[in-house]
Amino acid sequence: MAPAPRLTLGELPPAARAIASATTDAIAAARAGDTAAFDDACSLLIADPEHARVILGDTVRLLLEEVLPDGVDGDDLREIIGRSARSAAPWFPSVDPGVMVVVLSGALGIHPDTPPDPGAGEERQLELDDPWDAVPPRPSAAAVTQHAVVLLADLLSVRGRPLRGYLEAAFTEMARRETVEQP
């Protein structure tokens, strides 16, 4: 069976087009160091956090695969995080390399589940010697979104190619997964 045709941004439904547009705007703002525009575009992405997380994560993964075709190791990740954080620090003072680790490990499918967050209304049974005590709390959806955009801006600069093709590939992959998951 032939693979499904690749979606173009023009073929996306309105909600998906809004994510693509906000992602494009957020990355342009990150590249320009425009904090206000970055915050505005990221707030639009956070309006649909689950879909934005999937698209941003898939786009990060696609770029990592092209930037590092021989595979990713710890030194590669340190270099990407350091370069991204240094370039964002002047205009994004709350840049957090730890959140970048979460974004990168999530994009690679290796981030462990994090414990429930009582501050967000999630319940957790307290246990003696609870293993979750050693796991840092999960970053907010806003922080993950912002840091994913910062990483994308950096990876796109390294790759030297436009965002559009990566977004189209990410939306195509999401549509394929949703089709496969339906009975």
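Me: How many aromatic pairs does the count come to here?
Reply: The count comes to 3 aromatic pairs. Keep in mind that this is a predicted model.

Me: Take F38 and W91. Stacked, tilted or edge-to-face?
Reply: F38 and W91 are edge-to-face, with 4.8 Å from centre to centre and 75 degrees between the planes.

Me: Which parts does that pair tie together?
Reply: F38 sits in helix α2 and W91 in the loop between α4 and α5, so the pair joins parts that are 53 residues apart in sequence.

Me: Are F38 and W91 buried or exposed?
Reply: Both of them, F38 and W91, are buried.

Me: And F38 with F92, what is the geometry there?
Reply: The ring centres of F38 and F92 are 5.3 Å apart and the planes stand at 55 degrees, so this pair is tilted. F92 is in the loop between α4 and α5 and F38 in helix α2, so the pair ties together parts 54 residues apart in sequence.

Me: F92, buried or exposed?
Reply: F92 is buried, as is F38.

Me: Which residues do the ring pairs link into a cluster?
Reply: F38, W91 and F92 are linked into a cluster by ring pairs.

Me: What else does F38 touch?
Reply: Leaving out residues up to four places away in sequence, F38 touches A26, A29, A30, Q146, V149 and V150, along with W91 and F92.

Me: Moving on to the core. How many residues are in the largest nonpolar one?
Reply: The largest nonpolar core has 48 residues. Those with the most contacts inside it are F38, L45, V60, V149 and F171.

Me: Which helices supply at least two residues of this core?
Reply: The list is α1 (14-32), α2 (35-46), α3 (49-67), α4 (74-88), α5 (97-107), α6 (141-159) and α7 (163-181), each with at least two residues in the core.

Me: How many helices and strands are there in the protein?
Reply: There are 7 helices and 0 strands. Along the sequence the pattern reads α-α-α-α-α-α-α.

Me: What share of the protein is buried?
Reply: Of the 183 residues, 37% are buried.

Me: And what share of the contacts is between residues 24 or more positions apart?
Reply: Such residues account for 71% of the contacts with a separation of 6 or more.

Me: Now helix packing. How do the axes of α4 and α6 cross?
Reply: The two axes come within 9 Å and cross at roughly 105 degrees. An angle of 65 to 115 degrees counts as roughly perpendicular, and α4 and α6 are therefore roughly perpendicular to each other.

Me: Which residues make the contact?
Reply: On α4 they are I80, R83, S84 and A88. On α6 they are V150, L151, D154, L155 and V158.

Me: How do the residues of that contact divide into nonpolar, polar and charged?
Reply: The contact of α4 with α6 has 6 nonpolar residues, 1 polar and 2 charged.

Me: S84, then. Buried or exposed?
Reply: S84 counts as buried, at 0% relative accessibility. This residue of helix α4 touches M100, V150, L151 and D154, with residues up to four places away in sequence not counted.

Me: Where is P97?
Reply: P97 is in helix α5. P97 is partly exposed, with a relative accessible area of 39%.

Me: What does P97 touch?
Reply: P97 touches I81 and A85, not counting residues up to four places away in sequence. I81 and P97 are 16 residues apart along the chain, and their C-alpha atoms are separated by 6.2 Å.

Me: Back to the loop between α4 and α5. Is P90 buried or exposed?
Reply: P90, which has its place in that loop, is exposed, with a relative accessible area of 70%. From P90 to G33 the distance is 7.8 Å, C-alpha to C-alpha, with the two 57 residues apart in sequence.

Me: Last one, T24. Where is it found?
Reply: T24 is found in helix α1 and is partly exposed, with a relative accessible area of 36%.

Me: What is T24 in contact with?
Reply: Apart from neighbours within four places in sequence, T24 is in contact with L163 and L167. T24 and V149 are 125 residues apart in sequence and 9.3 Å apart in space, C-alpha to C-alpha.

Key. Residues numbered from 1 in each chain as written. Predicted model: local features only at pLDDT ≥ 70, side-chain atom pairs only at ≥ 80, totals over all residues. Heavy atoms only, no water. Core = buried A, V, L, I, M, F, W, Y, C linked by side-chain atoms within 4.5 Å. Buried < 20%, exposed > 50% of the residue type's maximum accessible area, 1.4 Å probe, protein only. Helix = DSSP H or I, 4+ residues; strand = E, 2+ residues; numbered from the N terminus. Contact = heavy atoms within 4.5 Å. Axes fitted to C-alpha atoms, helices over the stretch in contact; angles between N-to-C directions. Parallel < 35°, antiparallel > 145°, perpendicular 65-115°, else oblique. Nonpolar A, V, L, I, M, F, W, Y, C, P; charged D, E, K, R; others polar. Phe/Tyr/Trp six-rings, centres within 6.5 Å; stacked < 30°, edge-to-face > 60°.
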